[in-house]
Structures are given as C-alpha cells and as structure tokens.
Amino acid sequence: VCGFVDADGTLSRLAAECAALAPGSGDAAGVAAETAAAGVRLLRWSDAESPRPRPFHRTTFRPAAGTPMQAALALLPRVGRVALVSDASGYTPGGDFLSRGRRTAEAQLCRQTSVYASLARARLLARKEGLRDSFGRRVHVPEDGCVLSPSVALRAGEAPAAPDACCTPSPGGATLAAVLSVALPNRNPRVDDTPLDPRCGSDYLLLIAKKFQAAIRGAISVGAQAIVIPDCGCGVFQNSPEEVGRVLGR
C-alpha cells in the first residue's frame, strides 16, 4: 500500500487477514469474517421495515460509562445479542483506519473488530449501485440510512482499552449481533477529508432522524436486545449533542 507507514505492523496484519478471506484459504477466522461480510446491507430509511408494535415490551435508556465497545461488552453477558452504532465516515470505509490520521472512533473499532471487511464490501455494493449523496458525491453509507454489518467479532486478545491492537478475529470470542455504521453531517469547515454539509433547520434534523431510525430498525432486524449508541457526529464534525440527542430521543 503506497504512502502508508507500517511502523507497528498494522498493515501487514491487515494484509494477512485479507489473504485469509481469499476463497480456498481454509482459515477459520477468514471464513467467519467472509461470511459476515457477505451479509452486509446498505440499509436506507425508506427500505427499512418498521418494527411491529409490542405493547408489553418496555424500552429503557441508560447512560453508559467508558467507550461504546466497553458498554457493548458489559451488556453481552446480560442480554446476549447487542448491536453497536458506529460513528462512521460516509466517504472513506474505516475512516483513517489505513492511515495515521486523527485516530477516529471508527478506525479504533476497525482495529478492535472484524468490521472493516464488511465496510470494504459495502463500498463495492455502493459502487455497483451508483450510491451518491444529495450533492452527487460518491458514498458507501446511504445518506438516509446506515451500513448493517452482521455478526462482527471482537479480535482475539483485544481489549477495549487497547484500540491499537490489530490481530486475527476469533470466531470463538465475543461477537456483536451487528455494527450499524451511520455517517452524521459534517458541520466543521476545518475538516478537509469530509465535505461540509450546508443543510440546517428541519431538513437537517429530519436527516439525522432517518439515520437513527434506519439503524434502530436494522438492530431489530438482527434480533438485538440492546443497542449501544455513541455521541455520533458530536466530536470533530461539531454536530450539537443537544440536537442529536433530542432527535434520537424522539
């Protein structure tokens, strides 16, 4: 890979994992990651099926300490199937995973789990469909939805406190029911790798609502009993936590 520094061996390990995904490789971890990537879906708000009402089901909202991955792992023993929303880039799969950039939350998630293979496949699907945003730019995350990556495995030996580790995914380890990658609008003119989104007011709020609705419906579609949602877009993209949280609550 030209132009990247591989000082810690991350790219070498990633190349080995990609080789394991090749047909006939026989690698168990590679087969598991390939199977999960094959089930990836570009989930649009208009396509996502509305969940059937369950009058005796009660949804509870709880603030979680630590990182989103730590919160997800804490829930796994109690509820079994946990989905995790990823604060993603809509233009570059994995964010800065393959570079030495800002160390985004999405890049850390790719180092911790097998989700990058699914995001790479999502990009292929998006190119095949000619997926673009409202301004005609190529994206791999639907503007009004998310990428649904099912059965995402935590990497063997990986701990949430060590996001730089990049080792082989273990099918026998912890597995998330799904990772749902949503790309919130960029409100920060200083970010040069993601276009500035000029939308505001009701158009802006409706767009965020569609993204979260698609993600939550996606979590329900894979049978998740809990979903971990971080402060998507409220970091470097400078979306207001109050506005994003209000939309999510509604």
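Analyst: The discussion below covers the fold, the cores, the open spaces and several individual residues.

User: What kind of structure is it, and how are residues numbered?

Analyst: It is a predicted model, in which local features need pLDDT of at least 70 and side-chain atom pairs count only at pLDDT 80 or more, while totals for chains, interfaces and linings use all residues. Residues are numbered from 1 along each chain as its sequence is written, and side-chain values use heavy atoms, with hydrogens and water left out.

User: How many helices and strands does the chain have?

Analyst: The chain has seven helices and five strands. Both are DSSP runs numbered from the N terminus, with at least four residues (H or I) for a helix and at least two (E) for a strand. From the N terminus, the order is α-α-β-α-β-α-α-β-β-α-β-α.

User: What share of the chain is buried?

Analyst: Of its 250 residues, 44% count as buried. Buried means under 20% relative accessible area, exposed means over 50%, and partly exposed lies in between, using a 1.4 Å probe and protein chains only.

User: And what share of the contacts joins residues at least 24 apart?

Analyst: Among contacts between residues at least 6 apart in sequence, that share is 72%. A contact here means heavy atoms within 4.5 Å.

User: Which residues touch the most other members of the largest nonpolar core?

Analyst: They are Val82, Val115, Val147 and Val228, in a core of 29 residues. Two or more residues come from each of helix H3 (68-79), strand E2 (82-87), helix H4 (105-112), helix H5 (115-129), strand E3 (145-153), strand E4 (175-182) and strand E5 (226-228). Another core lies apart from it, with 23 residues, among them Ala177, Ala215, Val222 and Ala224. A nonpolar core is a set of buried Ala, Val, Leu, Ile, Met, Phe, Trp, Tyr and Cys residues joined through side-chain atoms within 4.5 Å. In soluble globular proteins, nonpolar side chains tend to be buried together.

User: What does valine 82 touch?

Analyst: Not counting residues up to four places away in sequence, valine 82 touches Ala72, Leu75, Leu76, Leu176, Ala177, Ala178, Ala226 and Val228.

User: Which residues of H4 are buried?

Analyst: Six of the eight residues of H4 are buried, so the helix is mostly covered. The buried ones are Glu106, Ala107, Leu109, Cys110, Arg111 and Gln112, and they pack against H3, E2, H5, E3 and E4.

User: Let us change topic. Which residues lie nearest the centre of the second largest pocket?

Analyst: Asp87, Gly95, Thr104, Ala105 and Glu106 do, out of 40 lining residues. H3, E2, H4 and H5 each give two or more residues to that lining. The pocket has a volume of about 840 Å³, and its lining divides into 18 nonpolar, 13 polar and nine charged residues.

User: What about the largest cavity? How is its lining made up?

Analyst: The lining of the largest cavity has eleven nonpolar, three polar and six charged residues. There are 20 in total, of which Tyr91, Ala183, Leu184, Asp197 and Lys211 lie nearest the centre. The volume of this cavity is about 190 Å³.

User: How are those terms set?

Analyst: On a 1 Å grid over the protein atoms alone, a cavity is a set of points where a 1.4 Å probe fits but cannot get out, and a pocket is an open set with protein on both sides within 12 Å along at least five of seven lines; lining residues have an atom within 4 Å of a point. Points are joined across faces, edges and corners, and a volume is the space filled by probe spheres set on them. Ala, Val, Leu, Ile, Met, Phe, Trp, Tyr, Cys and Pro count as nonpolar, Asp, Glu, Lys and Arg as charged, and the others, Gly among them, as polar.

User: Is arginine 199 buried or exposed?

Analyst: Arginine 199 is buried, with a relative accessible area of 17%, and sits in the loop between E4 and helix H6 (201-221). Its side chain makes polar contacts with the side chains of serine 134 (3.4 Å) and glutamate 143 (2.7 Å). A polar contact is a pair of N or O atoms within 3.5 Å; within protein, one must be able to donate a hydrogen and the other to accept it, and residues adjacent in sequence count only if both atoms are side-chain atoms.

User: Where does tryptophan 45 lie?

Analyst: Tryptophan 45 lies in the loop between strand E1 (41-44) and H3. The side chain of tryptophan 45 makes a polar contact with that of glutamine 213 (2.5 Å).
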